[in-house]
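Have your viewer open as you read.

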Amino acid sequence: MIKVKIKSPVRPVVLTLAGNDCSGMAGLAMDIRTQTALGIHTAPVTTANTAQSHTGVDAVNAVDNRVLESQLKAASALPFAVIKSGLIANLQQITQIKAFVEKQPVPWVCDPVLKASSGEQLHDSASANDNTFNKSVLNNRQPNDDYLSRFKTELLPHISVITPNRDEAVALTGQPIKNHQDVEHAAEKLLAMGAQSVVIKGGHRLSQSPQFNNWCQDYFSDGNKSFWLSSKRLDTVNSRGTGCAFASALASALALEYPIYDAVVIAKMAVHQGLRLGYGHDLAQGPVSIQAFPDKQIDLPCLTSQGDFALESFKFTDCNSPAMGLYPVVDRASWIPRLAPLGVSTIQLRVKDLADEPLIDEIKSAIKLAKQHNCRLFINDYWQLAIKLGAYGVHLGQEDLDTADIEAIQKAGLALGISTHCHYEVARAHSYQPSYIACGPVYPTDSKVMPWIPHDLQGLSYWRRVLNYPLTAIGGINRSRIADVAKTGVDAIAMISAITQADDPEQVAADFVKLINTNKA
Ligand SMILES: Cc1ncc(COP(=O)(O)OP(=O)(O)O)c(N)n1
Ligand SMILES: Cc1nc(C(=O)O)sc1CCOP(=O)(O)O
Ligand SMILES: [Mg+2]
């Protein structure tokens with residue numbers, strides 16, 4: 001008999017401490033479904049066997065200390081990349097989990113589950129072994145100061161990312177939340193208490209203006225970087241398990257080695273997908289249902305530094321008609337009459353070595369030549385001169401977005417292209433609804449020093465699936481790679497060195513125009 005050897009794929013492991021929800025809507029069931037959909041192997045450690053249904057929580061049934069201890073001991077042998085926790089059911093479990101996590105050199109994503117979505121408190125203040133408490137006890141609980149204070153002093157300093165909803169943030173900080181600023185202060189307080197980073201999950205947008213109330217907003221901060229993620233509210237009742245799903249998706253993205261800023265965006269996308277695909281049953285609302293790594297623009301949030309950002313106030317002109325195609329990035333106006341007659345419809349002027357009058361003269365001359373050759377000219381960096389001198393468009397990097405007056409660019413009627421390299425930057429670009437999004441570097445490049453690992457064709461194809469914007473590929477694209485890049489379906493292929501350093505740039509550009517046309521998807 002011939003034995004077929006199958007090379008087994010490897011999945012990162014997320015050690016997941018949570019309660020079982022026997023209705024299957026939240027807790028471990030949701031964690032396992034979400035993590036599996038994102039390509040993760042879940043190692044589930046049960047903290048409680050909760051008895052709940054659509055009518056509420058009947059009992060919590062924390063597991064005995066020894067049951068938890070034996071699971072933690074056995075789980076320690078696994079090569080887990082991240083720890084994710086949900087319900088920590090009593091004070092004894094706080095002590096046990098602290099002793100466990102402080103020895104682990106991996107990130108810990110902690111969802112501080114204080115209440116079920118039906119409103120019942122889920123933890124107990126008893127020190128240990130008061131393991132079963134029923135509905136009447138649950139409903140008559142006083143706010144549990146002991147639990148909160150031990151949670152804060154013993155657990156918070158070990159948490160890599162804590163993901164409270166607004167009510168939980170209020171309980172943990174003791175401060176009311178009524179507006180965006182309160183959310184930001186609550187996050188600061190949680191950081192000051194020792195958490196390395198915080199995501200405060202929102203419900204309705206905290207805005208006085210009714211037109212903004214159909215957005216859901218989450219706030220992230222790690223003390224270095226802070227941002228708001230906003231998604232349009234979905235009209236669904238199938239939203240059970242959202243908190244567990246968010247923390248699980250975040251833990252999964254970290255286990256897949258995404259940096260924290262990207263992981264938060266991915267988690268928000270995953271939950272939006274889960275809300276879209278949530279399902280119900282005959283009796284009541286059902287759970288969110290995350291089914292795959294998120295790859296749709298409909299799930300992409302807008303990322304902004306301000307919570308009261310005027311969402312949807314930007315919409316830049318479509319620059320892909322006629323198709324952008326070959327998009328040379330050049331440093332002097334004199335390239336324009338050499339390249340435009342070869343079927344090049346879009347050119348970028350990227351000047352890095354001029355200032356003052358010579359720079360102004362170069363941009364003026366480029367704008368004039370582009371108009372003569374009916375070519376769309378984007379000016380890199382110098383958005384004020386682009387507006388003043390009447391260019392077709394502006395190309396901005398992420399650093400430029402910090403200082404550029406995007407409203408002025410829109411008001412002046414210019415097109416806008418934005419550089420992106422990761423989920424965080426794409427979500428940020430999305431909040432401006434630009435004319436195109438550039439995605440790079442596709443391959444290693446010698447034309448610019450950058451910290452990014454190249455996307456390669458797989459990464460570029462991912463962004464093509466996600467984005468409905470005209471998509472520009474850039475970085476290390478040359479004759480041997482251009483056909484494969486065109487086949488991914490990108491709208492524009494930007495390049496510097498393959499054209500400007502060629503022996504015969506006109507011939508090369510003409511060949512590239514043909515190669516793009518014959519290979520485009
Ligand atoms: C099409 C395109 N994509 C990306 C860039 C890079 O722009 P930016 O991030 O502004 O960096 P510099 O080009 O200024 O170094 C680009 N120019 N064009
Ligand atoms: C300027 C620039 N920006 C990039 C990005 O990824 O944002 S890659 C890049 C250099 C592109 O030059 P070449 O075609 O010679 O590789
Ligand atoms: Mg720039």
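## Ground rules

This is a predicted model, where local features need pLDDT of at least 70, side-chain atom pairs count only at pLDDT 80 or more, and totals for chains, interfaces and linings use all residues. Residues are numbered from 1 along each chain as its sequence is written, chains are lettered from A and ligands numbered from 1 in the order in which they are written, and side-chain values use heavy atoms, with hydrogens and water left out.

## The second largest pocket

The second largest pocket holds about 630 Å³ of space. On a 1 Å grid over the protein atoms alone, a pocket is an open set of points where a 1.4 Å probe fits, with protein on both sides within 12 Å along at least five of seven lines; lining residues have an atom within 4 Å of a point. Points are joined across faces, edges and corners, and the volume is the space filled by probe spheres set on them.

There are 37 lining residues, and the closest to the pocket's centre are Ser 419, His 421, Lys 448, Met 450 and Ile 474. The lining splits into 15 nonpolar, 15 polar and seven charged residues. Here Ala, Val, Leu, Ile, Met, Phe, Trp, Tyr, Cys and Pro count as nonpolar, Asp, Glu, Lys and Arg as charged, and the others, Gly among them, as polar. Elements that each supply at least two lining residues include strand S11 (325-330), helix H13 (398-403) and strand S15 (415-420). Helices (H or I, at least four residues) and strands (E, at least two) are DSSP runs, numbered from the N terminus.

## The annotated aspartates

Which residues does UniProt list for "binding site"? The unreviewed entry gives Asp 381 and Asp 400. They span 20 residues in sequence, but no two of their C-alpha atoms are more than 6.9 Å apart, so they gather at one spot. Both Asp 381 and Asp 400 belong to the lining of the second largest pocket. UniProt positions use the numbering used here, feature names are shortened, and annotations may be inferred rather than shown by experiment.

Asp 381 sits in the loop between strand S13 (376-380) and helix H12 (383-389). With 21% relative accessibility, Asp 381 is partly exposed (buried means under 20% relative accessible area, exposed over 50%, partly exposed in between; 1.4 Å probe, protein chains only). Leaving out residues up to four places away in sequence, Asp 381 touches Lys 352, His 395, Leu 396 and Asp 400 (contact means heavy atoms within 4.5 Å). Asp 400 is in helix H13, and a polar atom of its side chain lies 2.6 Å from the backbone nitrogen of Gly 397.

## Two buried residues

Tyr 327, in strand S11, is buried at 1% relative accessible area. Its side chain makes a polar contact of 2.7 Å with the side chain of Tyr 436.

Ala 48 lies in strand S2 (residues 41-53) and is buried, at 0% relative accessibility. Ala 48 and Ala 18 are 30 residues apart in sequence and 7.2 Å apart in space, C-alpha to C-alpha.

## The annotated domain

UniProt's unreviewed entry lists residues 333-499 as "domain: Thiamine phosphate synthase/TenI". Over residues 333-499 the chain is 41% helix and 19% strand, with the end C-alpha atoms 15 Å apart.

How values were computed: Polar contact = N/O pair within 3.5 Å; in protein donor to acceptor, adjacent residues only side chain to side chain.
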